[in-house]
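Hi,

Here is the structure I promised to pass on. Have a look at it first, and my notes follow below.

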Amino acid sequence: MAKKVELPAKEAALMRQIAKLHDNKQHKKVFKDGTEALAMKALFLSGLDRREEAHEVIAKAVNIDGGNHETGWHAYGLIYRAEKNYGEVIKCYARALAIDKENLAIFRDFASMQVQLRDMEAYLEACLQIVLLRPSVKLFWLSVAVAFHLSKNIDGAIQTLKIYEELFSLTAERGMDYENSEIIMYIAMLQEENGDLHGALNTLESKEKLIFDKKSLRETKARLHLTLGEMKQAEIAYKALFKMNPDNYAALEGLQKSKNLLENSPALFELFEDLIDQHRRSNALKRIPLNYATGDRFKHMVDHFLRFNFQKGVPSLFVSLRALYENDSKRVVIEELCLSYVQNLTVNSVFGEPNSGSTDDEDEIRVVEPPSAILWVYYFLAQHYDYLKIREKALEYVELAINHTPTLVELFMTKARILKVGSHCPLLVKYIFANIQHAGDVKQAMEVMNHARCLDLQDRCINTKCVKYMLRAGSIEEAEKTVILFCRVDSTEKLQDLVDMQCSWFAYESAMAHIANGDYGRALKKFHQVDKFDFHTYSVRKATLRTYIDLVRVEDRLWAHQFYFNSAVEAVRLYLSLYDSRSEVQEKKKEEDTSKMSESDRKKALRKARKAELKGGSEPTEAKGSPAGSAASGTSGGGGKKKDDDPDGSKLLNEQDLLGASLKFLKRLLEGSPNRVEPHILGCGVYMRRKNFLLAVKSLKRGFQIDPANPELHVLAIELSIAVKSASGELNEKIRSVLLDVLKSIVKDDLAVFNRKFAELPECQQSLSHAISVVQGCALVDPDHFETAVEGAIAAVPSSRNIKDVISAHKTLVKLNATSSQLGQFVKSAVKLFPLSNYFLTA
């Protein structure tokens, strides 16, 4: 007999009440819709990603009692927050606070939103309101100090912490030791940023016993002493730091500065020798002197460094020494030593004679090196020649290493990298056809990398590398199956987990793979997944204030991060390409339609199209449900997984205002990377197409300030000059005159002369991209020199080492209607460089 299941007492009493209402025919009371109940229901629906239902229920909740209930508006804000619609969140929280001005929970959420949106004045005001409501809570005072700091009012932050110290005292107290330690370090950080270096030093020294983070304490004191010019104290502090960690490069550099030792001075090497007597295991003391040594001293030192690392089998040895390759003489010495090692190890199993300091007695004693020594020399030489772009030799040495030890993962990773970029080497072609079925294309590099992955299935790094190679080879499904091998086993949506964890590299590489396959909708979908998350209460609650400030500053720089930068640049380029393709189709259709119209009807249609175009040039706003506003979010706050209603990105691809959609990425690029030329190139292209000539000229001018010889900017300068000159009926004449003056200051000459002068630059003789920009300029303003410019581009092909640039140049020549003879010459030159490229073999 099944065991009877009994409800807990509270639920049982509720069920009896419901049954009584049912018996008394009071059915409506069972469905009583209170604001709190509806608000909670809406939150649960939002957590299950039933957005429409959640909005319907919460709208009903806030309308109860004429919208005068703070709970409903607070819940409404939480729902919008789950959707990352932060503007609406602020409005909802403000409505809630207008009803209940003393609700701490709403105030704290409101403050968190303000700092997320970087409205620091509002954040500070909210924190002050909170501390006035509950002045006895330590956390709220710390929040005020942080708010003053983020508002760049450091004096206010210091004064707040003084009040905090008076109220709560920073003394040794059980359970509060670490918290007080962090607050003291934070006070010193504020004083240092405020320029009060002596005050910061006094704070640290007077309360040193209360500070538990001894490493940070010593680093800060050493830095302060050095900045104040107190060299003796700085030297002592840096020695103590180096003693804690003998491989601390920063401490060694600080010690060098504190002793005021110049590069290549005898005293500097004496310092290194004294320290290595005390710390014989320190790798830093063996590596850093190589930066300063020259001549025979360098040869002797690098010889011992190489031998030691080859004996130990250190895979990262080449990466450690790569910085020395900027000096040609040092590079030659390293190469000569390694080649001598190969010869001596092959014949006698020893590295060879020491370069200096040897005696006849020492020569009689020879230590046979381990069999693995020559393996690591082969591996080093493979990386060495790959770095120098002598890839036939690189492949030769990596094959020797694989024949020696065919189970070492690093060897196959290096071989894959050589195959990926080395298909233009003539000697490599011979090897590839003799040994590899797929003839050295990217797919073969992927297969080699996958073999390396199979050698160690527990290595996340090699798994990641393999996924990148798969995506670049166009094997997207195989890449997706491989990347999820390291996701949570119990997850049902493993690819979605990568979005939630902000796996930016996978989103970017997937987008580029989809572009290569012509699947632009999915590419846009992936680009929109590269975003950033927020959290602002944990660090303050745990009193890790220094870390929190660093976090906020890092987050402010996220739009400049290379992963986001690359993704945003490619996203804007894709939007521009889609816009141009759509415009061409619309233009052809328009020509067909207008050809059938009368003259008066044609003029009316043109005026109507012009008005629609100008109307579409206004700045768009991100709507609540727009793809740009919500595509980046992976889950919607609560427990349920978000259902993707646009898996193939068709909504993004069919966006009516493609240029408006691109602005989300463009504005972040301009804000996060204002000193890089790419955002200004893209800005000029987007704003010119939107007929926003003021911003287009602004971007062009800033771009020329950064890189006046940039080939893309050169073409844009010509295109924008033509567009502004022909916009007499669209622009205010005074504005147009100013814009033409600015463009004249950039171009300086007639456009055709401007293009010819650009063609005379040395870059145009050495760079295919520059030569092609001259061809584009001739097509626009100087058709008489078009054939000459094409010949110049063909002559520049052998100087190119990037197959993407060569393919792009060929497509441009085809689009500009270069003759079949010229195209044939171009392909012939390209095939000599990239004989295995499928594109040129079929062009």
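**What I found**

Ala 250 is exposed, with a relative accessible area of 52% (exposed means over 50%, buried under 20%, partly exposed in between, with a 1.4 Å probe and protein chains only). Ala 250 belongs to helix H15, residues 249-258 (helices are DSSP runs of H or I of at least four residues, numbered from the N terminus).

A word on the source: this is a predicted model, where local features need pLDDT of at least 70 and side-chain atom pairs count only at 80 or more, while totals for chains, interfaces and linings use all residues. Residues are numbered from 1 along each chain as its sequence is written, and side-chain values use heavy atoms, without hydrogens and water.

The largest nonpolar core has 85 residues, and Leu 306, Phe 310, Ile 334, Val 377 and Phe 380 have the most contacts inside it (a core is a set of buried Ala, Val, Leu, Ile, Met, Phe, Trp, Tyr and Cys residues joined through side-chain atoms within 4.5 Å). Helix H23, residues 372-387, gives the largest share of this core, eleven residues. Another core, of 60 residues, lies apart from it and includes Ala 54 and Leu 545.

Finally, a helix pair. Helix H11 (residues 177-193) and helix H12 (residues 197-206) pack at about 165°, with axes 7 Å apart (axes are lines fitted to C-alpha atoms over the stretch in contact, and angles run from 0 to 180 degrees between N-to-C directions). H11 is therefore roughly antiparallel to H12 (angles over 145 degrees count as such).

Best wishes

Key
Helix = DSSP H or I, 4+ residues; strand = E, 2+ residues; numbered from the N terminus. Parallel < 35°, antiparallel > 145°, perpendicular 65-115°, else oblique.
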